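User: I've got a few quick things to ask about this one. Can we go through them together?
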Amino acid sequence: MATTNHVDQQHDVVVVVVPLPAQGHLHAALQLSRRLSSANIPVYYVSTAAHVRQAQSRAAGWDPLKTPNLNFIDFPVTFDVPPPNPNASIKFPSQLVPAFSSSMQLRDPVTDLVNKLSSISRRVVVIHDFLTSWVVQDVSKILNTESYCLNTVSAYLMFSYVWDAARPPVPPEAEVVLKQLPSFDGCISPEVVEFTMKQIGVIHDAGNIYSTSRVIDGLYIDLMEKTSISKDFTHWALGPFNPVDLDFDKKETVLDRHYSLEWLDKQPPSSVIFVSFGSTTSLSEDDIKELAIGLEISQHRFIWVLRDADKGDIFSGEVRKYQLPEGYEKRVSERGLVIRDWAPQLEILGHPSTGGFMSHCGWNSCIESISMGVPIAAWPMHSDQPRNALFITEGLKIGIPVREWERRNEVVPAETVQKVVRTLMASPEGEEMKRKATALKEAVKLAVMEGGVTHKEMESFVAHITR
């Protein structure tokens, strides 16, 4: 076990954070840990050795190891690391399942850690990912401990499950979206269903934390509150877990600025579409070929992050390199940039030259795009993404679908890619989406400022756990 400080100092209240070992979950948990540590609360971020290292290495623009009150505890855990399968019929990243399962080995170490902290603290607050509920199931038996479930998703998504099960009455603006919910077919693999069911059976929480803001998702937070079984169970919207204001005028002070941002500096405002399908998606060769042609014939500027999906341990083994059509990068070099490594997504989305985002609609990507006022071409691949895509396009009306979920097994032709890019980037319809996205960005920014609804909610949460 490694840690950045000793677990033997006397404290009033401490927080233990237990994320799921997958990039979006690690990232959201780390950002929340950072916020709580800034409230002068000691935070212990706990995972496997490989995943603590992953979270630290991908923290953009700040150094987790130099952050006061933020401590890391890693446990050595072994697991298989299969490669991603770009031709799988279900796009869910099954290569990550051994890593998910490895987190279950943390049950005893985490319980021991919480026991130790509880002996020297007035209260221990455990914040765990919904998918690490199994790991923390014993902490409810420790007297001065309470736990909260971190949902790295929207309240809309969580309520969509309630709607599926019970069809409670909802306002018309929610009903119009919920009646269009896509099926779960093809979203996740059978082994993940089994893993999830293990989590559901052991939940003992005092409340839900969502990676969202009431200005984005207030309607559904209200609905979650109304359908809560217990009045003592609280719902907290503490996101977005990313900065909402990036200052590009300070670029000369940044020494290690990514080359993509230098390239964006040379492009006209709102002229570039950013194409990225997150850390868990592997495209097939046919998908890549059609997408490449579609971007080329659209005649629009683009940045395309073309990298293979993460493995369970991102530091192990070789990474597959995608092949593009012969001479492609040279042909598009005047207006297209292909990135084959980790890209600074938030900074790219926040750059004034970026005007659209073709995305898989993972929730972190959605909320980063919302924070930066960038409309989305929604191309969901698995998990919560089809429902997130519906929320973006029909709920918030800041996006356009690339294809319907029912047609997920078909290759999206280049002509469709071309049409979607042109609609998003250069049409009255796209302009209206951009206008709505900009208004939402401003609302999110106001919400996190002093006196704003998110700022007050975070203060309320801190006051609650330190009461």
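User: Which side chain meets Asp-308 in a salt bridge?
Analyst: Arg-320 does, at 3.6 Å from N to O. Keep in mind that this is a predicted model.
User: Where do Asp-308 and Arg-320 lie?
Analyst: Both are in the loop between strand 10 (301-305) and helix 11 (328-331). The pair therefore ties together parts that are 12 residues apart in sequence.
User: Is Asp-308 buried or exposed?
Analyst: Asp-308 is buried, because its relative accessible area is 5%, under the 20% cut-off. Arg-320 is partly exposed at 29%.
User: What network do salt bridges with shared partners make?
Analyst: They join Arg-214, Asp-222, Glu-225 and Glu-457 into one network.
User: How many salt bridges are there by this rule?
Analyst: The count is 22.
User: What does Arg-257 form a salt bridge with?
Analyst: Asp-265 is one partner, with the closest N and O atoms 2.9 Å apart. Glu-262 is another, at 3.6 Å from N to O.
User: New topic. Where is Ser-102?
Analyst: Ser-102 is in helix 3, which covers residues 97-102. Ser-102 is buried, with a relative accessible area of 2%.
User: What lies 2.5 Å from a polar atom of its side chain?
Analyst: The backbone oxygen of Ala-99.
User: Which residues does Ser-102 touch, leaving out those up to four places away in sequence?
Analyst: Thr-48, Val-77 and Phe-79.
User: Okay, Val-170. Where is that?
Analyst: Val-170 sits in the loop between helix 5 (155-166) and helix 6 (172-178).
User: Buried or exposed?
Analyst: Val-170 counts as buried, at 15% relative accessibility. Not counting residues up to four places away in sequence, Val-170 touches Phe-159, Trp-163, Glu-175, Leu-178 and Leu-223.
User: How far apart are Val-170 and Val-16 in space?
Analyst: They are 36 Å apart, C-alpha to C-alpha. In sequence, 154 residues separate Val-170 and Val-16.
User: Last one. Which residues make the nonpolar surface patch of about 400 Å²?
Analyst: Ile-188, Val-193, Met-197, Ile-200 and Ile-203.
User: What about Ile-200, where is that found?
Analyst: Ile-200 is in helix 7, residues 190-200. At 44% relative accessibility, Ile-200 is partly exposed.

Definitions and conventions: Residues numbered from 1 in each chain as written. Predicted model: local features only at pLDDT ≥ 70, side-chain atom pairs only at ≥ 80, totals over all residues. Heavy atoms only, no water. Helix = DSSP H or I, 4+ residues; strand = E, 2+ residues; numbered from the N terminus. Buried < 20%, exposed > 50% of the residue type's maximum accessible area, 1.4 Å probe, protein only. Polar contact = N/O pair within 3.5 Å; in protein donor to acceptor, adjacent residues only side chain to side chain. Contact = heavy atoms within 4.5 Å. Patch = residues over 30% accessible without salt bridge, like charges linked within 9 Å, V, L, I, M, F, W, Y side chains within 5 Å. Areas by Shrake-Rupley, 256 points an atom, 1.4 Å probe, with all protein chains shown as cover. Salt bridge = Lys/Arg side-chain N within 4 Å of Asp/Glu carboxyl O.
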